[in-house]
Amino acid sequence: MPAPAKKRPTVRDVAAAAGVSRGTVSRVINGGHWVSDEARAAVEAAIKATGYSLNQHARSLATGRSNSIAFLLTEPQHLLFEDPTFSTLLRSCAEVLGGREMPMLLMVAGTEKERKRITEYISSGHVDGVIVVSSHRNNPVIADLVAKGIPTVACGAPLGHEDQVGYVAVDEVGSARRIVDYLRSKYQRVAMITGPLDTPGGLFRLDGYRLAMGSDYDDSLVAHGDYSRASGAQAMRDLMQGRPDIDAVFAASDLMAVGAMAALHAAGKSVPGDVAVAGFDDHSIASTSNPPLTTMKQPFERIASEVVRVLLGVIEGDEHAAVILPANLVERESA
């Protein structure tokens, strides 16, 4: 005779294995609060030991939630693959949500048509909340989500909406100031290549540079880019033409820094012999560039973890919050 089918583990079985109440198990499964680290670890271990798996369809019917999160990039689609910041955040957020058994939907709203289509989809209840990535000042996507009451958290300060949605950001001003202070301790005339000034990274990293330069700040030492490698190269050419006396440059992204180094090499200048270069982010390109790039390391994994934590709290009814994280200076051969 065939062996009887093995009974599917239940919440009761998990609670018994963990030595906690069924309510505690439910709170852990649903990502709720008021669970100690000890109890959470015991429940997670019991889930693995018993082989328990959540019936997501039944849960959605009971809670009225989809149990999924949207990762919404408000940039043209090609930047998801060209700018490593976006792909790094995508991977990190997916890993964090995967650990909670929550699917993540990738959405891109780089045009007005895409924005309308996506906000309609989101407001129909297909996701429980939204992680917004790359927020430009007064981002219309955020305005739409706020107006529809969709739980939303931004990666980076959502300029113009700071009082309406939560966000997780690196200390842009302090981090930029630290790397410029480092350059000024070794070099005499430090220039900067900014990002777009309608983004927090562009605006606040320039503020940090300005603070570090103090009375030595000069507009002629500042060139503007859009975070891309090509814009970094062009900004570096502009600086070499307008301020040929500079001996160091801080670029507000690693891609722009690598572009700046390429422009310097093309002009017959050595890095750091003639001009030192530093970046921001510490993507893999920083350690493999020639020479390896001095930069500020963003804690992308922690940013993702905090974004998910804050968003799940908002979904549960918490007030939105701002979390500011430090970046670390990584010294390499370029400066």
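Tutor: Helices (H or I, at least four residues) and strands (E, at least two) are DSSP runs, numbered from the N terminus. The model we are looking at is a predicted one.

Student: Thanks! How many helices and strands are there in the protein chain?
Tutor: The chain has 335 residues, and 50% of them count as buried. Its C-alpha trace spans about 85 × 40 × 40 Å along the principal axes. The count for this chain is 14 helices and 12 strands.

Student: Where is Asn138 found?
Tutor: Asn138 is a residue other than glycine, yet its phi is positive, near 55 degrees. Look for Asn138 in the loop between strand E3 (129-133) and helix H8 (140-147).

Student: Is Glu101 buried or exposed?
Tutor: Glu101 also has a positive phi, about 60 degrees, although it is not a glycine. You will find Glu101 in the loop between helix H6 (84-99) and strand E2 (104-108). Exposed means over 50% relative accessible area. Glu101 has 60% relative accessibility, so it counts as exposed.

Student: Which word describes how H2 lies to H3: roughly parallel or roughly perpendicular?
Tutor: Helix H2 (residues 22-29) packs on helix H3 (residues 37-50) at an angle of about 85 degrees, with the axes 10 Å apart. Angles of 65 to 115 degrees fall in one class. The arrangement of H2 to H3 is therefore roughly perpendicular.

Student: Which residues of H3 make the contact with H2?
Tutor: By class, this contact has 6 nonpolar, 1 polar and 2 charged residues. From H2 come Thr24, Val25, Val28 and Ile29, and from H3 come Ala39, Arg40, Val43, Glu44 and Ile47.

Student: How many disulfides does the structure hold?
Tutor: A disulfide needs two cysteine sulfur atoms within 2.5 Å. The cysteine sulfur nearest to that of Cys93 belongs to Cys155, 5.1 Å away, and Cys93 is in no disulfide. Cys155 is in no disulfide either. The number of disulfides in the structure is 0.

Student: Is Cys155 buried or exposed?
Tutor: Buried means under 20% relative accessible area. Cys93, at 0% relative accessibility, counts as buried. With 13% relative accessibility, Cys155 counts as buried.

Student: Which residues have the most contacts inside the largest nonpolar core?
Tutor: That core has 51 residues. Helix H12 (residues 254-266) gives the most to it, with 8 residues. The residues with the most contacts inside the core are Tyr209 and Met236.

Student: How far apart are Ala276 and Val249 in space?
Tutor: Ala276 belongs to strand E9 (residues 276-281) and, at 0% relative accessibility, counts as buried. Not counting residues up to four places away in sequence, Ala276 touches Tyr187, Asp247, Ala248, Val249, Ser334 and Ala335. Ala276 and Val249 are 27 residues apart in sequence, but their C-alpha to C-alpha distance is 6.3 Å.

Student: What is omega for the cis peptide bond from Asn290 to Pro291?
Tutor: Pro291 sits in the loop between helix H13 (284-288) and strand E10 (294-297). A cis peptide bond also joins Val271 and Pro272, with omega about 5 degrees, and Pro272 is in the loop between H12 and E9. For the bond from Asn290 to Pro291, omega is near 0 degrees.

Key. Residues are numbered from 1 along each chain as its sequence is written. This is a predicted model: local features need pLDDT of at least 70, side-chain atom pairs count only at pLDDT 80 or more; totals for chains, interfaces and linings use all residues. Side-chain values use heavy atoms; hydrogens and water are left out. Axes are lines fitted to C-alpha atoms, for helices over the stretch in contact, and angles run from 0 to 180 degrees between N-to-C directions. Angles under 35 degrees count as roughly parallel, over 145 as roughly antiparallel, 65 to 115 as roughly perpendicular and the rest as oblique. Contact means heavy atoms within 4.5 Å. Ala, Val, Leu, Ile, Met, Phe, Trp, Tyr, Cys and Pro count as nonpolar, Asp, Glu, Lys and Arg as charged, and the others, Gly among them, as polar. Buried means under 20% relative accessible area, exposed over 50%, partly exposed in between (1.4 Å probe, protein chains only). A nonpolar core is a set of buried Ala, Val, Leu, Ile, Met, Phe, Trp, Tyr and Cys residues joined through side-chain atoms within 4.5 Å.
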